[in-house]
Amino acid sequence: MNREPSKIQRRRTDIFHTASPTVLNLISIPSGILLGLILGAVLIVIAGADPIASYKIMFSSSLGGKNQIIETLIKACPLLLIGLGLSASFKAKVWNIGAEGQYYIGALFGWMVGMYGTALPKPVLIPLMLTAGLIGGSLWGLLPAILKIKNGMNVIISTLMLNYIAILIVQYLARGPLQEPGGFLPRTAKLERIARMPQMFGTRLHLGCVIALLLVPVVYYIFTSTPLGFKLRAVGSNPKVAKYAGFNVNLAIFIALIFSGALAGMAGTIEISTAYQRLQSSISLNYGFNGVLIALLGRTNPWGVLLTSIFFAALTIGVENLHVVIGLPVSLSDAIQALVVLSVMVVDSYIRKKAS
Amino acid sequence: MGSIVEMQGIIKSFPGVTANAGVDFDLKKGEIHSLLGENGAGKTTLMNILYGLYKQDAGTISINGEQVNFMNPSDAIAHGLGMVHQHFMLVQRFSVAENIILGQKSSREPRIDDLNLIGKKLTEISDLYGLKVNPHAIIWTLSVGEQQRVEILKALYRGAQILILDEPTAVLTPQEVKEFLEILKRLTSEGKSIIFISHKLSEVMEISDRISILRDGKKIETVFAKDTNERDLARMMVGREVNTNFEKKVAEPHEVRLQVEHLCANNNRGLEALHDVSFDVRAGEILGIAGVAGNGQNELEEVLSGLRKSTSGKKIVCGKDITNMPPHKVGIARVAHIPTDRYKTGLISDFMISENAVLQRIDREPFTKHGSLQWKKINEEATSLVKRFGVKTPSIKTKAGKLSGGNAQKLILARELARDPYVLIAAQPTRGLDISAIEYVHHALIEQRDLGMAILLFSTELTEILSLSDRIAVIYEGRIIGIINREDADILEIGLMMAGIKRPSSTLEQTGVIES
Ligand SMILES: Nc1ncnc2c1ncn2[C@@H]1O[C@H](COP(=O)(O)OP(=O)(O)OP(=O)(O)O)[C@@H](O)[C@H]1O
Ligand SMILES: [Mg+2]
């Protein structure tokens, strides 16, 4: 009989069929990045620049040497922390879109401690600030958790709305009660030296960054090797079976929101005591929202989150330099960044569909 | 010649298993052709290929003599195929009519606002084949039997000439099965052709024109129903003689393990589903709950396992009141539960078999030590359970959702028995299992009973209740209408009680409802 057509089909599907999820990630993410860069090159050509030279600049300015790598890591730090927290939340399919707000409240709490706790010695003050950030962020995660558990309110909506409230609170404080004494701009006073993150290893790499990097294996361990990680995954995969198995579904929702809120809050404190040093109308480069992308692109795997946050940071620094060095418009840089992210997602979903 | 479906040399492998190893299968117009085979033999896979859900690795399919290459079920539907899956695919909150038009894409088809028109057309179809359903009823208010009819209606509405029915009778009550088989006959007399999968040999013998037997992905034989018998079929399926009747010792019940006192509970619609239910189960006995499906069994099962709250009454395990405690507390009281609805409740389909095998025990020693999961222990336990219960899988790392229906059920059983419970709630424990697996499970339950477990058995199969139970409680409209010792029970009488007619109270050992 004529069996030829089906044999061809077999070859076509089997490459992906037998591949494990890790292998799929290793195929899909780099090829997505490549596709994005190729599409970006078209834009660069249209803008009248040389794409190869542009990409060389992007690479050398973000990953081309020790100092560049350290700057990229510093930039990646808030994304990494938020991405790690959101991974836990997303594993439980608790769609926390409120990391931005949790970050702002964490920054506020951390700033308060840093501002008014200057009498304390630095080794006490810094941990206290970080703790305040954790608490602030988790309080902002607690609210949607309570709303969900008590009233069944949709987490996406409550966390999204709470973002605006948090940002407005910080903005109000920065131009009202906490405004810099004698200042005109809507911003608070600068933190004193004692309230800044200590730098490590004689480089600009700061304590916050080191904490974020150390959290990667810790969170990975929680996910893969503790009953807590197991239960979060179970609740996310199938809440009905999780309940049948005796897992407390509400507790999992609670933990997911508190944990992701806490890490976002800590990221806020770290940024406020390094990059911004004061509260003002904007203290984030959309970290909370990009964190969502990073957690998803990193497949909620902490190592994946580490790679994607570094990639995001490198891309941001790279396109900034394109603007500075060869004068490409900032909007073009944003477009390249968006293209790369989109391409990764498209390629990824395409490969996954083939594999199933 | 004359074959409406012709599958030749079908090969399909999944990582680690060959589900179909060169299967030939054909269906003639107007016939019922049954597929028989043990759990994991490859029946569902073969049908999923025919329906365009999977792509075969090799082999050809022809419909009406024309070679086809389905990329997805829509292609298959366009060629007149319809499939009713082992588990239903209906949107619970939609009406019958809404479910039926769901996924219709042609713009010439009626749109949502033409639901009445669809209702009319549905009524026509259902009258023609005797498939009674109200087109405007919401799915979740329908019984399993009715939902089944909706699935068939859905296929017929889309113009199916060839129906694939994957274990349609597994979830039906004996009465519903009878009606169902009538419907099938009616369908074939109207020119439809049917592929029928079932583990119940008597049904297969009654309804089929031809029967094909699969074993380990290979087709063993195709025979005419009139030329064979149940015994031969069983032998061809399993590859050895099967002994379905077995000896069991008389029970030696000990202390009371589960006490249910004056329990009342509501159903999903908020109406009273259980009324003043009282009974107890002792260590070392099996109490069977007999009744026509839908008389409160599901609610009772859920209340006992902690998934549903009771409105009054008490539930006591080993002297400890666990009324309305959540499932994890019920688990701590060492009550294990084999749920009726294994697809929705029993397993996390995208977790590995190993993870599912220790689900409730994950945070206990030896699977967690010093707060950290002991994967080696978890894998060892899973491997041993899979081996003991003959769960057919390439690896314990396989996702539970990839298991065949019967093998999923075996895994749940293995897991629940391994928890070494004081009380086991076993609801439809052999649903979807092949004959040798049923034999194994029955032995396992009796063995556990003899080791002192208290077992509460729910089953819509009266024969299963009769062969396993030491005492039988009959439930009717949410009340326990009588509890009889197995020795005193006869089928006729239980049948009457299931219909709500009880014999004089003098001969009853004890009852939950009789007041004088
Ligand atoms: N999507 C899949 N991925 C991997 N393995 C699969 C998949 N579907 C089926 N299998 C495997 O193929 C084999 C045949 O499964 P299939 O569901 O066809 O059995 P079956 O004859 O329908 O059994 P049952 O009577 O238990 O329903 C089994 O070993 C099963 O684990
Ligand atoms: Mg099957």
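**A chat about the model**

Analyst: Happy to. Let's begin inside chain B: between domain 1 of chain B and domain 2 of chain B there are seven residue pairs in polar contact, with both residues at pLDDT 80 or more. Please keep in mind that this is a predicted model.

User: Which part of domain 1 of chain B gives the largest share of the side that touches domain 2 of chain B?

Analyst: That is helix α8 of chain B, residues 230-238, with three residues. By type, the residues on that side of domain 1 of chain B are nine nonpolar, nine polar and three charged.

User: Where do the domains of chain B run?

Analyst: Domain 1 covers 3-238, domain 2 is made of 256-347 + 405-498, and domain 3 is 352-402. The C-alpha centres of domain 1 and domain 2 of chain B are 31 Å apart. Their contact involves 21 residues from domain 1 of chain B and 18 residues from domain 2 of chain B.

User: How much area do domain 1 and domain 2 of chain B bury between them?

Analyst: About 1,400 Å², with 55% of it on carbon and sulfur atoms. On the domain 1 side, N39(B), W140(B) and T173(B) lose the most area to domain 2 of chain B, and together they make up 32% of what that side buries.

User: How many salt bridges are there between domain 1 and domain 2 of chain B?

Analyst: Between these two domains the count is one salt bridge. Elsewhere in the list of pairs, you can look up K200(B) and E461(B), whose side chains meet in a salt bridge at 3.2 Å, N to O.

User: Back to helix α8 of chain B. What separates R235(B) and D232(B) there?

Analyst: They are three residues apart in helix α8 of chain B, so about one helical turn lies between them. The side chains of R235(B) and D232(B) form a salt bridge, 2.9 Å from N to O. As background, side chains of opposite charge can pair when their charged atoms come close.

User: And how many salt bridges are there over all chains?

Analyst: Searching the whole structure gives 28 salt bridges over all chains.

User: New topic: the two chains together. How many residues of chain B are in contact with chain A?

Analyst: 35 residues of chain B are in contact with 27 residues of chain A. The two chains bury about 2,900 Å² between them, 59% of it on carbon and sulfur atoms.

User: What about salt bridges and polar contacts across the interface of chain B and chain A?

Analyst: Two salt bridges are found across that interface, along with nine residue pairs in polar contact, both residues at pLDDT 80 or more. R233(A) and E355(B) are a pair to look at, with their side chains meeting in a salt bridge at 2.7 Å, N to O.

User: Which elements of chain B supply at least two residues each of the side that touches chain A?

Analyst: Those are β1 (3-14), β4 (58-63), α10 (327-332), α11 (342-346), β18 (372-373) and α14 (405-418) of chain B. The residues on that side of chain B divide into 13 nonpolar, 14 polar and eight charged.

User: Last one: where is the pLDDT of chain A below 50?

Analyst: Over residues 1-18 of chain A, a stretch with 24 contacts in the model beyond near neighbours in sequence. Where pLDDT is low, the predicted coordinates should not be read in detail. Chain B has a mean pLDDT of 87, and 94% of its residues score at least 70. For the complex, the predictor gives an ipTM of 0.83 and a pTM of 0.84.

Notes. Residues numbered from 1 in each chain as written. Chains lettered and ligands numbered in written order. Heavy atoms only, no water. pLDDT = per-residue confidence, 0-100. Contact = heavy atoms within 4.5 Å. Domains from an automatic or database assignment. Buried area = accessible area lost by both parts, 1.4 Å probe. Salt bridge = Lys/Arg side-chain N within 4 Å of Asp/Glu carboxyl O. Polar contact = N/O pair within 3.5 Å; in protein donor to acceptor, adjacent residues only side chain to side chain. Helix = DSSP H or I, 4+ residues; strand = E, 2+ residues; numbered from the N terminus. Nonpolar A, V, L, I, M, F, W, Y, C, P; charged D, E, K, R; others polar.
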